[in-house]
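This report concerns the structure shown below. Please keep the sequence and the model at hand while reading.

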Amino acid sequence: MLFRSCLRDVSERATEALLHAVEKRVLERFAADAPVEAVLEALLDVAAAQPGHWRFAVQSLEPAIGRLVHGAAPRLPREFVVAMDGVPAEEPGYGSCAAALQDDGEVWIEHVASDLRWTHRAEAEIGRAHV
């Protein structure tokens, strides 16, 4: 009796297929003259589909007013997005996007209610949003 087994790492192919799908969705949105928010949402949807139940948001800096404004957050509750729109950009404690701007880098957190970068925003509206 002969038994054969074959193990193959498909993660590289899966990653390649995922990147191709992202590229296709983004290019389709650009070709359709979709708003920037729609293009960002396509990128964030793919990122959020990865294992780990991640949720993402993008805010942009409005230098004239010194505030961060909503860009895209397709999987975050609307109440949370509204609460985060227009937060001060240069003050500590106003969330991950403000911290990323202040630190000039990426910011990853587990939960807004327990992260020190959310001291001003981990209040009722965020608690109700279950983020």
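## Basis of the model

This is a predicted model, in which local features need pLDDT of at least 70, side-chain atom pairs count only at pLDDT 80 or more, and totals for chains, interfaces and linings use all residues. Residues are numbered from 1 along each chain as its sequence is written, and side-chain values use heavy atoms, with hydrogens and water left out.

## The sheet

Three strands form an open sheet in the order β1-β2-β3, with antiparallel pairing. The edge strands, β1 (58–62) and β3 (87–88), each pair on one side only. Strands are DSSP runs of E of at least two residues, and helices are runs of H or I of at least four; two strands pair if DSSP finds at least two bridges between them. Strand β2 (residues 67–72) is joined to β3 by 2 bridges, and R67 stands opposite P88 in β3.

## The helices

Helix α2 (residues 36–48) packs on the sheet and touches β1 and β2, contact meaning heavy atoms within 4.5 Å.

The axes of α1 (residues 11–31) and α2 come within 9 Å and cross at roughly 165°. The two helices are therefore roughly antiparallel, a term for angles over 145 degrees. Residues making this contact include L18 and V22 of α1 and A38 and V39 of α2.

## A loop residue

D115 lies in the loop between α4 (96–103) and α5 (124–129). D115 is buried, with a relative accessible area of 15%, where buried means under 20% (1.4 Å probe, protein chains only).

Definitions and conventions: Buried < 20%, exposed > 50% of the residue type's maximum accessible area, 1.4 Å probe, protein only. Axes fitted to C-alpha atoms, helices over the stretch in contact; angles between N-to-C directions. Parallel < 35°, antiparallel > 145°, perpendicular 65-115°, else oblique.
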